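Dear colleague,

Please find the structure below, handed over together with its sequence. My notes on what was found in it follow directly after.

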Amino acid sequence: MKIAMVSYEVYPFAKVGGLADVVGALPKYLEKQGMAVDIFMPYHKKVDENSSKFGYTIEKVSEGISIPHLLTEEKFDIYRTSLPGSKNVNVFLIANRYYFSADEVYQGPDLAEQAIFFSAAVLEAIKKLDFRYDIIHVNDWQTALIPVYLKSVYKNDEKLSKIASVLTIHNLGYQGIFEPSYMKFAGLPEYLFSIDGIEFYGNINFLKGGILFADVINTVSPTYAREIQTKEYGEKLDGVLRVRSADLYGILNGIDYEEYNPETDKRIYVNYNLETIEKKKENKRLLQRELGLPARDVPMIGMINRLVDQKGLDIMAEIMDYVSLFDIQFVLLGTGEEKYENMFKKLGERYPEKYSINLKFDVVLAQKIYAGADMFLMPSKYEPCGLGQMYSLRYGTIPIVRYTGGLADTVKEYNPETKEGNGFGFEPYDSAYLLKAIAKALYYYNEKEHWNALIKNAMTTDLSWDNSAKEYVKLYQRAKSKIQ
Ligand code: ADP
């Protein structure tokens, strides 16, 4: 099967969050399953910035392509590079100066127009290049209009109409809701502005379009796939998702075992594996030195996150005074909402011996924290899959999580009797339960026999992409069978 994977972010070309990691890794594992995969992404400024660092070269393939059904004269060019570490994955970059010259991935003069332009451009690029794909696999709202286009504007297109579409929802919290006037810009037929189309409370909703028109839909963990069909997690799309429930699947993300391997990771201070686990302590010591924390053998809790409501920071705010009473060190790496940045900044100023607050985006420091910390905190309100807990498991850093979405599918509560389980957690979204889970983890940190069992269970948890890639192949087969 030949797959076109479409995403706004792809590691290492341009990364904002977990989506980039997924689209940067999955194609390599699909190749192992015999799939032929190409990637389509916008030619962001970041793609050039990262080229020397990651050693890829970019060539021009085609230029001056216009999109007949859009209300714009803007044209696009196609460039090509390859996915590092893959055998044969082409990465096609859609270039347009007006829409894609911002410093950041999710920036531009008009985000709705930008997503429409990109989605339509990908389909026009496939026509221009004359590629025959079986599947077009789109990700999140920015690319969710592609299935809508396939089932409307391009319904009778000789080259495109036989392509099945798969939509992966990486986070239902971001839907792409805009004024109805964009229908015209997009060249979409008026009948689509309806309850069983992309209309949404008087506006248009790109993700809703993808959910209704993709042949198959999935999200990034089985638990999240169930949760989003409920009112509590459905973000007002639970009804629409229930309509598609027969075609809605949950496939857990994997992690890139080569990129994230404590034995070979060049970004960490000292490499280690389960047999040489005592070297993990050396990572902690050197991290303390780098961050200016006292070099003491106290439990270190790491946290690497976008600082937004989704990540459970409001319940953290309620208990930080109590957490400060424990003899611990707490290392935060993250950027986001000002109220949370200020909350952490204040804690750092008040307890400089306990808190290291790093309000920046730094992938190297992130690895040093995954390797150096003893515990990793992720009390998310909701979490489609979550990568942080998976990286920390791989590096023998024990996760403390709220059991929701992918966190519930990857972290299992430690049972001291059977010595099974790889972390600690809680279910009710309530700060008292969070505090209890932290206290429990700190207790077991001092019970060396149990802590060693936890580290062993964590580091041997299977989080590889191999299983998930097989699930995606099945998903593609299901989507394909809907077209014939
Ligand atoms: P989300 O996709 O909701 O942001 P995930 O846990 O799925 O959350 O993925 C987050 C990814 O981004 C992880 O790889 C994490 O290490 C990384 N990350 C988040 N914030 C930072 C930061 N400030 N610096 C470096 N890496 C970060």
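**Notes on the predicted model**

Residues are numbered from 1 along each chain as its sequence is written, and side-chain values use heavy atoms, with hydrogens and water left out.

Over residues 2–242 the chain is 31% helix and 23% strand, with the end C-alpha atoms 30 Å apart; helices (H or I, at least four residues) and strands (E, at least two) are DSSP runs, numbered from the N terminus.

UniProt also places a "binding site" feature, again from an unreviewed entry, at Lys-15, which sits in the loop between strand 1 (2–6) and helix 1. Lys-15 counts as partly exposed because its relative accessibility is 21%, where buried means under 20% relative accessible area, exposed over 50%, and partly exposed in between (1.4 Å probe, protein chains only).

Helix 1, residues 18–32, spans 22 Å from its first C-alpha to its last, close to the expected 21 Å; the expected span is 1.5 Å times one less than the number of residues. Just after helix 1, Gly-34 takes a positive phi of about 90 degrees.

Helix 4, residues 111–129, reaches 26 Å between its first and last C-alpha, close to the 27 Å expected for 19 residues, and is mostly covered, with 16 of those 19 residues buried. At its start, a side-chain oxygen of Asp-110 comes to within 3.0 Å of the backbone nitrogen of Ala-112, whereas the residue that follows helix 4, Asp-130, has a positive phi near 60 degrees.

Finally, a search of the whole structure finds one cavity of 30 Å³ or more. A cavity is a set of points, on a 1 Å grid over the protein atoms alone, where a 1.4 Å probe fits but cannot get out, and its lining residues have an atom within 4 Å of a point. Among the residues lining the largest cavity are His-44, Lys-45, Tyr-99, Glu-104 and Gln-114.

Best regards

Definitions and conventions:
This is a predicted model: local features need pLDDT of at least 70, side-chain atom pairs count only at pLDDT 80 or more; totals for chains, interfaces and linings use all residues. On a 1 Å grid over the protein atoms alone, a cavity is a set of points where a 1.4 Å probe fits but cannot get out, and a pocket is an open set with protein on both sides within 12 Å along at least five of seven lines; lining residues have an atom within 4 Å of a point. Grid points are joined across faces, edges and corners, and a volume is the space filled by probe spheres set on the points. A polar contact is a pair of N or O atoms within 3.5 Å; within protein, one must be able to donate a hydrogen and the other to accept it, and residues adjacent in sequence count only if both atoms are side-chain atoms. UniProt positions are given in the numbering used here, feature names are shortened, and annotations may be inferred rather than shown by experiment.
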